[in-house]
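These are my notebook entries on a structure that I examined one topic at a time. I recorded what I looked up and what I found.

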Amino acid sequence: MFCSGCGCGQIMNALLFAIDELKLDTKNMVAIGGVGCSSRIPAYLDMYAIHGVHGRSLAYATGIKLTKPELKVVVLTGDGDCGSIGGNHLIHAARRNLDVTVIMVNNGVYAMTGGQAGPMTLGGVYTTTTPRGNLEKPFDLCKLVETAGGTYVARWTTAQPAALIRAIKRALLHRGFAFIEVASQCPTIQGRYSLGILDPVKNIEYLQQNSITREQAAKMVPEKLVGKIVVGKFVEKQLPTLEDSYREMENKIGHVSKQS
Amino acid sequence: MLGNHAIVEGAIAAGCRYFAGYPITPANEISEWMAKRLPEVGGRFIQMEDELASIYSVCGASLTGTKAMTATASAGYNYMQEGIEYAVAAEVPIVIVDVMRQRGDNYPTQSDVMQARYGAAGDHEMIVLTPSSVQELFDLTFEAFNLAERFRNPVIVLSEATISLMHEGIRLPRPEELRIVNRKKPNVPPDQFMPFRAEEDLIPPMSEFGDEYKVLYTLNPHDESGRIAWTPEMYESLYSRITKKIADKADEIAMYDSEFTGDAEIVVIAYGSEARGCVEAVRMARKLGVKAGMLKLKNIWPVPEKAMKDSTLNAKKVLVPEVNTGRYFHVVRETLGCRAEVISVPKNQGRIHSPDEILAEIRRVL
């Protein structure tokens with residue numbers, strides 16, 4: 001399933017805790033994953049699921065939500081799946097305020113393929129495709145999603161499991177595009193090669209030590225924020241979803257949708 | 001009616017209630033008419049951010065039990081190959097219209113006949129329909145949904161700029177004339193359902209998101225339960241079934257019109273818009289006493305082998321006119337073997353052959 005010490009198992013657990021605590025009926029849920037370690041989570045869940053195409057999870061989700069809006073859709077994705085190959089779908093799903101929950105697991109590397117640099121790889125670090133250090137800067141996907149129109153945006157790490165479960169519960173209940181970034185450890189690849197930390201526990205401690213709240217971050221100069229993980233909720237607001245706008249149009253033309 | 005509008009009406013008549021697309025000429029009138037028409041029949045339209053998003057959202061819609069379609073033109077169809085690969089592997093019924101156009105421009109062509117069959121990665125069979133008129137755009141789009149639902153496979157309607165942008169009178173069937181096919185549903189309790197265990201026809205029944213079953217639809221190799229698995233034997237049997245479910249039914253799927261082929265010594269085999277002039281040319285040749293025959297293919301994949309062989313029993317020569325560099329000609333030659341001399345008649349100028357040109361070719365090779 002996952003390498004020992006991987007954060008994906010913890011995040012899958014957090015999702016299941018959230019579903020259980022909310023008493024959601026998994027019969028009305030669909031989980032979608034693309035390709036990568038975290039994208040494999042849906043394949044292990046006891047619910048309807050889609051898996052195996054890199055980056056396109058939100059495109060499937062659009063077709064599902066427009067034809068059966070009553071289904072709750074959860075997308076499990078990674079930093080490469082979501083921020084690189086699926087980046088276009090991410091910004092447009094956020095812009096449409098598509099009513100889905102996205103859990104983006106950020107381990108800062110393409111781990112399943114053996115450790116290539118990704119869009120969230122820290123500047124300067126070693127990966128198999130940055131043998132002399134990463135020349136690029138990592139993306140801030142939370143800011144991107146907020147700017148694109150996401151209506152719930154939060155970031156936590158595997159070192160804050162209780163906060164993560166709370167955030168997933170809020171996201172699952174949120175009507176609109178909910179996006180949670182989870183900074184996660186990858187002792188096998190990213191920890192060992194990029195951070196020089198092999199021990200899984202020490203990798204989680206690294207996440208904990210580098211986490212700062214958004215309130216703390218607000219008081220810091222940008223140079224001090226490099227390498228830090230700003231955690232917390234960044235956005236929570238109610239705006240019409242794509243479904244709301246569609247229904248409004250259907251009501252105007254006097255047609256009763258087959259779904260209603 | 002405009003050809004592209006006939007595609008929309010054929011789809012809606014077949015039960016299509018979801019369309020996702022991305023703008024591209026000469027397929028735009030399909031999206032535009034869908035955007036207007038679908039909400040009137042309880043369906044939904046969305047313009048997606050690109051072709052990949054379009055085809056995957058169509059897959060998502062189909063998995064909820066909704067008949068769904070996308071449309072594009074050659075350059076956009078390139079991008080969709082990835083989604084076709086998924087729909088083949090997870091056996092998701094979808095319909096894709098490719099209004100063929102020249103590379104980098106909108107002039108008509110039949111250049112995608114091979115891409116339509118072989119574009120996607122991995123082992124697969126393809127059902128590809130080739131309408132030649134506005135009436136056939138309606139009829140064959142309708143039929144495309146029936147075939148997709150029956151075989152749980154993507155079905156391609158290979159239109160062309162020529163016919164998609166043409167206005168012709170058509171006869172719309174009355175509702176009671178329509179024979180609509182829907183995918184098979186499971187009828188066992190959820191704990192007994194093996195979502196990828198095929199029945200005798202090699203096709204498994206299909207549940208839908210939100211019902212009592214729970215199924216994983218993965219691109220990865222999977223066993224009959226749908227779970228990711230790999231053994232050499234399992235992989236081989238999975239793709240043997242997925243290809244055979246169509247290949248074995250090639251002659252049943254075959255759609256064609258033949259004329260004067262019984263005693264024909266020279267047979268013209270053509271598909272799509274190109275067949276229009278060929279039919280005329282063969283009739284003209286007959287009036288001149290030439291034993292010519294015509295086989296018009298309404299589907300080119302899977303190869304209608306029996307139709308080709310039955311139509312060329314007495315043929316010495318077979319002409320294959322096409323609006324490209326001569327591509328399906330190779331398929332005809334492979335199918336007929338030494339039975340007759342197969343001659344490619346390409347015309348790659350963005351227009352079909354006139355009946356006179358085909359007639360001249362018939363007389364030249366006699």
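**Entry 1: the two chains.** How many residues of chain B are in contact with chain A? I worked from a predicted model, and I found that 34 residues of chain B are in contact with 33 residues of chain A. I then looked up which elements of chain B give two or more residues to that side, and I noted strands S1 (16–21), S2 (44–47) and S7 (216–218) together with helix H3 (51–63). H3(B) gives the most, with nine residues.

Entry 2: For one position I recorded the partner by name: A:Ala49 is bridged to B:Leu216 in S7(B).

**Entry 3: chain B as a whole.** I counted 13 helices and 13 strands in chain B. The radius of gyration of chain B is 21 Å, close to the 21 Å given by the globule rule for 366 residues, so chain B is as compact as a globular protein of that length. Of its 366 residues, 55% count as buried. I next considered contacts in chain B between residues at least 6 apart in sequence, and 78% of these join residues at least 24 apart.

**Entry 4: the domains of chain B.** I noted a division into domain 1 (3–177) and domain 2 (256–365). Their centres, taken over C-alpha atoms, are separated by 27 Å. The contact takes 24 residues from domain 1 of chain B and 21 residues from domain 2 of chain B. On the domain 1 side, the elements that each supply at least two residues include helix H6 (134–151) and strand S6 (155–160) of chain B. S5(B) gives the most to this side, with three residues. The residues of this side divide into 13 nonpolar, seven polar and four charged.

**Entry 5: helix H13 of chain B.** Which residues of helix H13 (residues 355–365) are buried? I found B:Ile358, B:Leu359 and B:Ile362. Seen down the axis of H13(B), the buried residues fall within an arc of 100 degrees, so they line one face of the helix. The face turned away from this buried side carries the exposed residues B:Asp356 and B:Arg364. Finally, I looked up what covers the buried residues of H13(B), and I listed strand S9 (266–271), helix H10 (274–287), strand S10 (292–297) and strand S12 (317–322) of chain B among the covering elements.

How values were computed. Residues are numbered from 1 along each chain as its sequence is written. Chains are lettered from A and ligands numbered from 1 in the order in which they are written. This is a predicted model: local features need pLDDT of at least 70, side-chain atom pairs count only at pLDDT 80 or more; totals for chains, interfaces and linings use all residues. Domain bounds come from an automatic or database domain assignment. Two residues are in contact if their C-beta atoms, placed from the backbone, lie within 7 Å. Helices (H or I, at least four residues) and strands (E, at least two) are DSSP runs, numbered from the N terminus. Ala, Val, Leu, Ile, Met, Phe, Trp, Tyr, Cys and Pro count as nonpolar, Asp, Glu, Lys and Arg as charged, and the others, Gly among them, as polar. A residue is buried if 20 or more other C-beta atoms lie within 10 Å of its own, exposed if 12 or fewer, and partly exposed in between; C-beta atoms are placed from the backbone. The arc is that of the directions from the helix axis to the C-beta atoms. The radius of gyration is taken over C-alpha atoms; the globule rule is 2.2 Å times the number of residues to the power 0.38. Two strands pair if DSSP finds at least two bridges between them.
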